[in-house]
Structures are given as C-alpha cells and as structure tokens.
Amino acid sequence: MFLSHYSLGQEHVGYKRLDFPLLKLSIVGGRPFSCGGQQIFRKRLLSARYGIQDMEGSAKRIYEAALGTPEDHLVILLAHNGPTGLGSELNDICGKDWVFGGGDHGDPDLAQAISNLKETTNVSIPLVVFGHMHKELAHGNGLRKMIVVGTHNIIYLNGAIVPRVKRSTNETSLQASNSDGTYRAFTLVEILNGQVNKISESWVSVVGNETTLEEEHILFKSNGQSSR
C-alpha cells in the first residue's frame, strides 16, 4: 500500500475523515493547532471555527469523525501531536524534554477518542501518526523514542525529524560532491494485508535529477518488535 502526504492534496483533515476506497483506508484527523499538554491552544480560534470549547468536546469530534468508516477500511489517525499515556520520561515519544524531570506532553483528547473508539466500535486503528515532539532532544540530551506499540497493538509513530532537509556537506554521508545536493528524511510505513508490516526512517540524497537511498533505519518490523 502506498499513500504519501501528497495524496491529501489541499484537504485539511482536522476533525474530518478522508476515505481512500481503492486502498481500503481512511485518514481521521485530530485537533487542529495542538501544541501538546493539558491546555487547549488557540482556544478562541477553535471555538469560532469548530465550536470546540474543551478537551471533552474535542475528543468527541475526533471520535465522531471516525464513525461511519467503511467496515473494510483501516483507520490511520493523523494529528500534530500524539496522545497522552505513552510515557513521561524526557525521551519518551511525547515526553517533555525541555524541563527537569520530564512529563507527559501528549494530547488528552486524542487519547480519549482512541480509547472510546476501541471500547465502543469495531474500527480498526493499526497506526497513529504525529509529530511536534522533535527527535533530537533539548539541551543535547540525546534522541527521542519515535515509536511505541501500545494497547490493542496500536502503533504510535512520531515523524518529527528536524531538520528534514539538509544541505550536502562533509558531515552527511552524501556520495555526491555537488554542493547543490540535499539530504532528505522520509518516514515510510508499509502496510500488508491490513497490518503494519514495516516502518523505516530513510535518508535520500537528491542531486539534480538523481536520487539515492543513503540510509535506512528500521523502526518496526511485523514481528512486533520496535527498534527504538
């Protein structure tokens, strides 16, 4: 199965569902303007544009967006930030890395929506994709865990590799000497027979019209083991 972010085109998926019948796949969007934590960010804007007043109302909107998903479709939840409940250490997938002692910086409304969907529907959610929480931790504290296999075997994937595009320098592994080249990160998910089969972080060199896969780091394979 192949689906890139370009497939969404100009569509905004916040609090919405997009169905891809040929792929038997639906994308359900989380809360717009989220920046993590217990407080709603840009509350007045969310209220004016979506009628959302609080986390409970937001969780309900995400939940309702997933209702009506065709029975033979998988659902991928797509959000700016991940849900609460995935750890509170500074290097956890949604952990606070900018304060001493860490903390859970996930979105409680997204967590509640996922819980409600699993408890009250038969919607299949193999994957939740988000970003916001950068892979490289603040203050030089190393790297963040970018993948978690949670309850109900839902895979939570953080794609926030920053920067995603680097100029060709001696510090990269680019083979080309062209200074106009770039080194670009892609997070790839392979889904086979309704299950996530493989997830990888790949770095591709781009020089003119030439592209080369330079690195591939396997984050997950279908034996259920995450690599980081």
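The structure is a predicted model, in which local features need pLDDT of at least 70 and side-chain atom pairs count only at pLDDT 80 or more, while totals for chains, interfaces and linings use all residues. Residues are numbered from 1 along each chain as its sequence is written, and side-chain values use heavy atoms, with hydrogens and water left out.

An open sheet is formed by 6 strands in the order β1-β2-β3-β4-β6-β5, with mixed pairing. Here strands (E, at least two residues) and helices (H or I, at least four) are DSSP runs numbered from the N terminus, and two strands pair if DSSP finds at least two bridges between them. At the edges stand β1 (17-20) and β5 (147-149), each with a single partner strand, so one side of each has no neighbour in the sheet. On average, neighbouring strands are turned by 15° against each other, direction ignored. β5 pairs with β6 (residues 155-158) in the antiparallel sense over 3 bridges, and the bridge partner of Ile147 in β6 is Leu157.

Next come the cores. A nonpolar core is a set of buried Ala, Val, Leu, Ile, Met, Phe, Trp, Tyr and Cys residues joined through side-chain atoms within 4.5 Å, where buried means under 20% relative accessible area (1.4 Å probe, protein chains only). The largest has 28 residues, and Leu77, Ile93, Ile114, Ile125, Val128 and Tyr156 have the most contacts inside it. At least two of its residues come from each of α1 (43-50), α2 (55-66), β3 (74-78), α3 (108-120) and β4 (124-130), and α2 gives the most, with 5 residues. Apart from this core lies another, of 16 residues, among them Ile27, Ile76, Ile147 and Leu219. Not counting residues up to four places away in sequence, Val128 touches Leu77, Leu110, Ile114, Ile154, Ile155, Tyr156 and Leu157.

Note on methods: Buried < 20%, exposed > 50% of the residue type's maximum accessible area, 1.4 Å probe, protein only. Contact = heavy atoms within 4.5 Å. Axes fitted to C-alpha atoms, helices over the stretch in contact; angles between N-to-C directions.
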